[in-house]
Amino acid sequence: MGISEEFGLRITGGELRGRSVTCPRGLAVRPTSSKVRQAFFNILGDRLRHARFLDLFSGSGLMGFEALSRGATVTFVERHSPSRAAIKATAEQFKLSEERYRVRGGDVLKVLPELAGEEFDIVFADPPYKLCLGPAVAELLLRHRLLSAGALYVVEHMSDDPVTLTDGSLERVDFRQYGGTAISMFQQVCTK
């Protein structure tokens, strides 16, 4: 399956609003619905301007491109090579400067330690639902100090399978449900 088998998904807001993101067909990609995307980015509002956004389990890169469209710089992390190729093709089609984005290949749980020394303001994770990787990702974000002060960690998951984090360094600040999909938002607790 290559990027010759594609379908388009439209960006819902910002400077790229209405433009289509390339997305390979198949089970490897499960794009976030436009309803969930619009709600999520409305919640974030101006917080995205100049934010460092980490898009984990990127798939088509749609969430990252939505963030880019609203003023963030984005690091995409995706294991599936046709999806990475689609993200790069979309970025080229949009004529995005390489200072605004980068694409990392590999398993998220292995790539996160490689990002040690960097900080992100918003981390969005959309792991395969059945793997329940939200807590494992949170643990790596904290262990490798990848979150800026007050950063948000956001996990998309099945609404009937809540994300529970046991480390007190991240506290749930919001939960939204959209049919069978939910978004849990956690914020880094600032210690003095």
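I began at Phe 40, which touches Phe 53, Met 63, Phe 124, Val 154, Ile 183 and Met 185, leaving aside residues up to four places away in sequence; contact here means heavy atoms within 4.5 Å.

A note on the source: this is a predicted model, where local features need pLDDT of at least 70, side-chain atom pairs count only at pLDDT 80 or more, and totals for chains, interfaces and linings use all residues. Residues are numbered from 1 along each chain as its sequence is written, and side-chain values use heavy atoms, with hydrogens and water left out.

**Cores.** I looked up the largest nonpolar core next and found 34 residues, of which Phe 40, Phe 53 and Phe 65 touch the most other members. Such a core is a set of buried Ala, Val, Leu, Ile, Met, Phe, Trp, Tyr and Cys residues joined through side-chain atoms within 4.5 Å. Buried is under 20% relative accessible area, exposed over 50%, and partly exposed in between (1.4 Å probe, protein chains only). Apart from that core lies another of 26 residues, including Leu 115 and Tyr 153.

**Sheet.** I then traced the strands and found seven in an open, mixed sheet, ordered β5-β4-β3-β6-β7-β9-β8. Helices (H or I, at least four residues) and strands (E, at least two) are DSSP runs, numbered from the N terminus, and two strands pair if DSSP finds at least two bridges between them. The edge strands, β5 (101-105) and β8 (170-178), each pair on one side only. I noted an average twist of 15° from one strand to the next.

**Around β6.** All six residues of β6 (120-125) are buried. Strand β3 (52-56) runs parallel to β6 and is joined to it by four bridges, with Phe 53 opposite Ile 122. On to β7 (147-158): five bridges join this strand to β6, again parallel, and Phe 124 has Val 154 as its bridge partner. From β6 the chain passes through helix α5 (134-143) to β7 in a right-handed β-α-β crossover. Right-handed means that, with the strands pointing away from the viewer, the path from the first strand over the helix to the second runs clockwise.

Axes are lines fitted to C-alpha atoms, for helices over the stretch in contact, and angles run from 0 to 180 degrees between N-to-C directions. In α2 (62-69), eight of eight residues are buried, Phe 65 and Glu 66 among them.
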